[in-house]
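Q: Before we look at the salt bridges and the sheet, could you set out the idea of exposure that we shall need?

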Amino acid sequence: FVSNENVKFTFLAQISIISMFPSSGHVSGFTPVHIVASGLNTSFVDEINCHFGTDMVSALISESGFITCFSPPAPSGWEDTVSFELSINQDDHTKSKLKYEYYNIPVPTKVYPAFGSTDGGEQVEIEGFGFAESSICFFGKIQSEISRFISTRKIECLVPQNNEPKDAVS
């Protein structure tokens, strides 16, 4: 047995993902995904990778320890949901069980109810395709946040107050 004091092995804590935003992006890819992780010791880590299903992309690490990677194109080219993990050596992955959803440009096809008061405040159910948790509703030029994401084919939005009764949802 030969030993050498210059050869060292360092045990690192398991990395865990604390948060990831956004958790969805367009099927064409290139959506910046920001990750906060614990257990990441940047003085020992030369590279970190993001795994979107079976696709791996290199990540950027800021001096403050925030991680950013750009989503690859959807593997199927269509709407899809894939697992999301990090690795520091391409082999050992986090065990977050997070999901990343690929979507197309949302297209509403039905709104129920189809009319409401200019006072706003009502919930409307919007059916269509390509919806994501990060989708935003517009009633004419007035933005409304999603009040409930149901699926990629259905969302609910809160109707904002509107003094221009002719506006339509988009």
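A: In this predicted model, a residue is called buried when its relative accessible area is under 20%, exposed when it is over 50%, and partly exposed in between. Glu125, with a relative accessible area of 25%, is therefore partly exposed.

Q: With which residue does Glu125 form a salt bridge?

A: A salt bridge requires a side-chain nitrogen of Lys or Arg within 4 Å of a carboxyl oxygen of Asp or Glu. Glu125 forms one with Lys154, where the closest N and O atoms are 3.7 Å apart. Because Glu125 lies in strand 11 and Lys154 in strand 14, the pair ties together parts that are 29 residues apart in sequence. Lys154 is also partly exposed, its relative accessible area being 25%.

Q: In what order do the strands of the open sheet run?

A: The open sheet is formed by 5 strands in the order 2-9-8-4-5, with mixed pairing. Strand 2 and strand 5 are the edge strands, each pairing on one side only, and the twist averages 30° from one strand to the next. Strand 2 and strand 9 pair in the parallel sense over 3 bridges.

Definitions and conventions: Residues numbered from 1 in each chain as written. Predicted model: local features only at pLDDT ≥ 70, side-chain atom pairs only at ≥ 80, totals over all residues. Heavy atoms only, no water. Pairing = 2+ DSSP bridges. Helix = DSSP H or I, 4+ residues; strand = E, 2+ residues; numbered from the N terminus. Axes fitted to C-alpha atoms, helices over the stretch in contact; angles between N-to-C directions. Buried < 20%, exposed > 50% of the residue type's maximum accessible area, 1.4 Å probe, protein only.
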